[in-house]
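Subject: Structure handover

Hello,

Here is the structure I promised to pass on. Please open it alongside this email.

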Amino acid sequence: MSDLFGEQLQALRAHSLYRQLREIGSAQGATVSLVGKHLVNFSSNDYLGLANEPRLRKAAIATMDKFGLGAGASRLVSGTQSPHIRLENALARWKKTEAALCFSSGYAAALGTIQALLTKNDIILLDKLCHASLIDGAKLSGAILRVFPHNHLGKLESQLKWARREHPDARILIVTESVFSMDGDRAPLRELVEMKLRFAALLFLDEAHAIGVIGPNGRGLAAEEKLGDAVDVQMGTLSKGLGGSGGYICGSRSLIEWLINRARSFVFSTAPPPALAGAALAAVDFLNSPEGEERRQLLWRNIETLHDQLPRQSTDQKASDIASAIFPWIVGDEQAAMDLSRALGNEGFLVPAIRYPTVAKGSARLRITVTAAHEQAQIEALCRALRRLTSKLPNAYGVREEAQ
């Protein structure tokens, strides 16, 4: 058995797809200590810099002092501790929905919710670039699955017509993300809502990379577009913009009650530590405050700086095209992406290479993320290093000669 895995690992190495864990000897932040080396961190989803925020740490410690470390069992077995109830009430108020339910992770929220919503006689229409958790949830549901090209409204419409014609009694669920994790672009939410209403479908929106970044008080794309009431299932995480760990679903009270009864990843999982709920509640309170909105505006100033300073690749985007805190630098070749990431590491920057199966084969990239914790000088230094490195071998790093 070990020889079999060894051969498979060797195949990964041969195709530049082998992965290793990196040990970080410090807290998350704009800078991190990587095996003794001090690097400026452009790899984190901690968009608001809350992962090491003192007020969240104090809230976690105070909650742990009162409620202990572990939750004991699943919430349906040993009871639900007060911090989880308070967090869910706060999330529902913040997202302006009737109710909310927390899960141990965003992955668990996706798997449990999609599986609970559908049967083998129902239909899922899923954007091709959706996160693995959404794909896995769709597959595990047993429903009929159709994938439409990324943000392709015409293809989605044809699939909706097919679904209503061939399966008139089926429940149809459209699944998409508000901000896509590897490209950083947004879903055409207004058009998706129009389609879901026209074809009597349900809409599942994963707001993981929009929470804390987009919309009033960081409530996400649905809030920014004033379409929250039209989205049937709003999913998010506590582990990115909110700086902690876990996932949640917001929606109608009947939806949440159904998930409590039928979402397997909720029913059969030990509840998250109450300290995590205490910290997440502090994060939601912070986002609802004027100081939280100031932090979000600081993030957007950093986003605009990175957008303006980054060397251009195949097109010149306008400032109005800025969609999120995620900036993909497309390289193409897996080994070339790893080489560029390593070169930036030697310059003092942590920028990971993203490869198959996270992205399609031949679309390897650097995934640059900026946070509110970054200083302008750090952002400018990264852009200078990237410009210097890519000017040496532009084609190898996915840059056109004339773009330099």
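Below are the findings, grouped by topic.

One thing before you start: this is a predicted model.

Strand 6

Start with strand 6, residues 172-177. Six of its six residues are buried, so the strand is mostly covered under the cut-off of 20% relative accessible area. The cover is on both faces. One side carries Ile 172, Ile 174 and Thr 176. The other carries Leu 173, Val 175 and Glu 177. Note that Glu 177 is among the buried residues.

Strand 6 also has partners. It pairs with strand 4 (residues 123-127) in the parallel sense, over four bridges. Within that pairing, Leu 173 of strand 6 is the bridge partner of Ile 124. Strand 7 (residues 202-206) runs parallel to strand 6 as well, and five bridges join the two. There, Thr 176 has Leu 205 of strand 7 as its bridge partner.

Strand 2 covers residues 37-41. Its pairing with strand 11 is parallel, over two bridges. Asn 41 stands opposite Leu 350 of strand 11.

Helix contacts

Two helix pairs are worth a look. Two packed helices are described by the angle between their axes and the distance between the axes.

Helix 7 brings Leu 153, Leu 156, Glu 157 and Leu 160 to the contact. Helix 8 brings Glu 191, Leu 192, Met 195 and Arg 198. Five of these contact residues are nonpolar, three are charged and none is polar.

The second pair is helix 5 (residues 106-117) with helix 10 (residues 253-262). Here the axes come within 10 Å and cross at roughly 100 degrees. That makes helix 5 roughly perpendicular to helix 10. From helix 5, the contact uses Thr 113, Gln 115, Ala 116 and Leu 117. From helix 10, it uses Leu 255, Trp 258, Leu 259 and Arg 262.

Cysteines

How many disulfides does the count come to? It comes to zero. A disulfide is a covalent bond between the sulfur atoms of two cysteines. Take Cys 130: the closest cysteine sulfur is in Cys 250, 18 Å away, which is too far for a bond. The cut-off for a disulfide is 2.5 Å. Is Cys 130 buried or exposed? Cys 130 is buried, with a relative accessible area of 6%. Cys 383 also counts as buried, at 0% relative accessibility.

Thr 305

Last, find Thr 305 in helix 13 (residues 290-309). Thr 305 counts as buried, at 12% relative accessibility. Leaving aside residues up to four places away in sequence, Thr 305 touches Gln 376 and Ile 379.

Best wishes

Definitions and conventions
Residues numbered from 1 in each chain as written. Predicted model: local features only at pLDDT ≥ 70, side-chain atom pairs only at ≥ 80, totals over all residues. Heavy atoms only, no water. Buried < 20%, exposed > 50% of the residue type's maximum accessible area, 1.4 Å probe, protein only. Contact = heavy atoms within 4.5 Å. Nonpolar A, V, L, I, M, F, W, Y, C, P; charged D, E, K, R; others polar. Pairing = 2+ DSSP bridges. Axes fitted to C-alpha atoms, helices over the stretch in contact; angles between N-to-C directions. Parallel < 35°, antiparallel > 145°, perpendicular 65-115°, else oblique.
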